[in-house]
Amino acid sequence: MSLSASAENLTRDTQPYDGSSNMCLELALEGERLCKAGDCRAGVAFFQAAIQAGTDDLRTLSAIYSQLGNAYFYLGDYTRAMQYHNHDLTLARTMGDKLGEAKSSGNLGNTLKVMGRFDEAVLYCKRHLELSKELDDRLSEGRALYNLGNVYHAKGKHIGRVGQKDPGEFSADVKTCLQQAVSHYEENLTLMRELGDIAAQGRACGNLGNTHYLLGDFKQAIKYHEERLSIARQFGDRAAERRAHSNLGNSHIFMGQFDEAAHHYKKTLSLAQELGDRAVEAQACYSLGNTYTLLRDYNTAIEYHLRHLLIAQHLDDRVGEGRACWSLGNAHAALSNHEKALEFATRHLEISKELGDPMGEATAKMNICDLKKVLNLPNSPDSDSSSSSTASCKTPKSDRDMGPVMSRLNRMTPDGKQRGGLSVLNAPVTTTESPQRLNEDEDSFFDLLSRFQSKRMDDQRCSLNVDNKENTNLVNLPKDGPADLLDMIVGMQSKRMDEQRAVLPHLPGLQVGSLQRLSENARNNSVPDDNFLEQLARCQSSRLEDQRSPLPAPAVDAESDPPPVVHSSGATVPDEDFFSLIMRFQSGRMDDQRAAVPHTNQRVANGTIPHDSSAHHNNNNNNNGNAGGKKKK
């Protein structure tokens with residue numbers, strides 16, 4: 001949604017009340033035009049210049065604050081975005097503008113959401129909802145419900161990132177947040193159906209599908225994503241159509257319907273190529289490779305993993321390149337192409353070392369070790385030691401293996417004390433001293449403590465020196481009755497009262513002198529000229545519904561794709577919940593896909609790839625509101 005505000009009601013042919021107000025308006029209009037054209041950075045410069053010019057019209061200044069907040073959010077400067085939305089909220093409350101207060105509260109809620117301050121975001125979004133209901137503004141109420149759903153959705157995903165969990169296996173706290181999100185999304189969907197807003201229905205369906213997916217209700221997820229797909233086709237929204245196909249593929253995977261999943265991933269791939277999105281194209285190839293691995297069509301899986309590898313190399317995505325090599329090594333091993341598998345496993349090891357990925361490095365070393373055994377090749381000392389260390393990770397560690405710090409912490413536990421009878425400093429615990437000596441030591445300790453504390457306690461006592469001339473006023477109490485006593489109290493409290501006075505917030509761009517002049521004119525019954533009244537009528541005749549509407553930000557919307565994060569999962573690798581599923585499907589067949597190994601190694605009984613090496617599938621669940629810019633869609 002583009003930025004718009006009440007400044008649109010003011011045209012350049014309006015006669016200004018004064019030169020500075022006209023300059024402020026001209027600069028604001030140009031800033032708005034630049035933001036709508038997508039050049040938010042230049043738009044911010046014009047808005048800041050408009051504030052420097054200043055104006056005495058609160059509504060025009062409020063519109064500038066709102067748009068500045070939206071533009072800063074789009075640029076990723078959330079601190080400044082929150083600052084200007086706070087200014088906007090202050091002005092709205094000053095003017096008694098309930099609708100403006102509702103919208104600025106919504107914008108603040110969305111800003112706090114992307115900053116990870118979810119509890120505060122909930123408070124502002126609930127205030128937005130409360131004011132919208134009070135005003136009987138159903139469209140604003142729908143936005144507030146959508147934003148509340150977004151906040152709970154984002155909070156649930158944020159908490160659920162701790163540990164690697166598959167959909168439906170999250171903790172009670174995460175499920176509670178997601179269920180709250182479902183409740184608000186469903187209210188929003190019902191309201192949008194009543195209002196006939198089909199586009200908003202599509203957004204609600206997409207988010208409901210994603211939330212049900214996280215809750216493990218894949219049938220409901222498929223239902224809502226199919227409705228989302230239908231609405232996207234109705235509007236010709238190819239990007240939304242591509243997201244719906246990708247999400248449908250993910251849901252079908254967890255239903256075990258791999259052929260259906262492959263169909264939707266192929267649609268995703270085709271639409272990504274049509275949209276020219278190379279990163280999403282690589283993700284689709286990655287998903288297809290994994291899906292055909294589950295279907296045991298390893299030749300097709302290799303084809304798609306090679307396409308993923310080429311795009312990852314082109315985009316300089318080393319994480320994605322390492323995952324592609326890992327997958328290619330597994331597929332070639334399944335086809336008994338052990339030499340080729342060893343080649344890709346070696347490349348995977350090199351990339352993992354380069355990235356400083358200890359888990360990937362350990363996985364690659366185990367694969368190399370197993371493949372060399374199959375090929376009757378000698379293992380390098382480094383591989384043997386690494387494999388041994390990896391195997392030792394699966395068994396409990398002794399105090400010696402835990403290092404000095406962990407060893408000491410372990411001995412502090414009851415089990416540690418019972419096991420070794422050692423103190424934290426590895427000294428034997430001796431109990432040869434007599435009880436009498438122990439009691440004497442205890443008494444000596446308390447005696448020493450009392451002596452150290454006595455002076456400190458005396459220093460903390462306050463004393464009143466009546467002989468001090470400076471205290472004369474305190475001892476010579478008033479003798480003329482209650483009136484003098486009250487005068488003394490007033491004198492003593494006056495400074496304290498001044499210190500307790502609140503300071504009005506600084507609102508940049510507000511011409512206080514102009515407001516004072518207008519107040520004086522009002523007191524003197526002087527009537528402003530017609531030009532000023534005409535400008536005032538244009539400014540204040542109506543406040544546009546979309547005054548505080550945000551710029552689109554696909555990186556935060558719950559329905560949009562996650563932004564490329566090369567350092568964690570790679571721009572060409574989807575989210576981290578698909579690899580573990582593949583591992584569960586593959587774990588039972590690893591021994592069958594190899595030639596007989598001369599010596600059975602119990603530590604790799606589950607196959608060449610340890611279970612804790614994981615990579616997963618993209619479920620396109622990033623979350624965001626719709627009330628402002630990237631944040632507030």
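The accessible surface of this protein comes to about 31700 Å², and carbon and sulfur atoms hold 52% of that. Those areas are Shrake-Rupley values with a 1.4 Å probe, and for residues only the protein chains shown count as cover. This is a predicted model: local features need pLDDT of at least 70, side-chain atom pairs count only at pLDDT 80 or more, and totals for chains, interfaces and linings use all residues. Residues are numbered from 1 along each chain as its sequence is written, and side-chain values use heavy atoms, with hydrogens and water left out.

Leu485, Leu486 and Ile489 make a nonpolar patch of about 260 Å². Patch residues have over 30% relative accessible area and no salt bridge, and nonpolar side chains (Val, Leu, Ile, Met, Phe, Trp, Tyr) are joined within 5 Å, like charges within 9 Å. A salt bridge here puts a side-chain nitrogen of Lys or Arg within 4 Å of a carboxyl oxygen of Asp or Glu. Leu485 sits in helix H23, residues 482-499. Leu485 counts as partly exposed because its relative accessibility is 40%. The classes are buried, under 20% relative accessible area; exposed, over 50%; and partly exposed in between, with a 1.4 Å probe and protein chains only.

Now the fold. The protein has 26 helices and 0 strands. Both are DSSP runs numbered from the N terminus: helices are H or I, at least four residues, and strands are E, at least two. Of 633 residues, 47% are buried.

Next, the inside. Which residues touch the most other members of the largest nonpolar core? Leu148, Val151, Leu189 and Leu208, out of 27 residues. Six helices each supply at least two residues of this core, from H4 (78-95) through H5, H6, H7 and H8 to H9 (198-214). H7 gives the largest share, 7 residues. Such a core is a set of buried Ala, Val, Leu, Ile, Met, Phe, Trp, Tyr and Cys residues joined through side-chain atoms within 4.5 Å. Leaving out residues up to four places away in sequence, Leu208 touches Val182, Tyr185, Glu186, Leu189 and Tyr224. Contact means heavy atoms within 4.5 Å.

One more buried residue. Cys369 lies in helix H17, residues 358-374. Cys369 counts as buried because its relative accessibility is 3%. Cys369 and Leu342 are 27 residues apart in sequence, and 9.3 Å apart in space, C-alpha to C-alpha.
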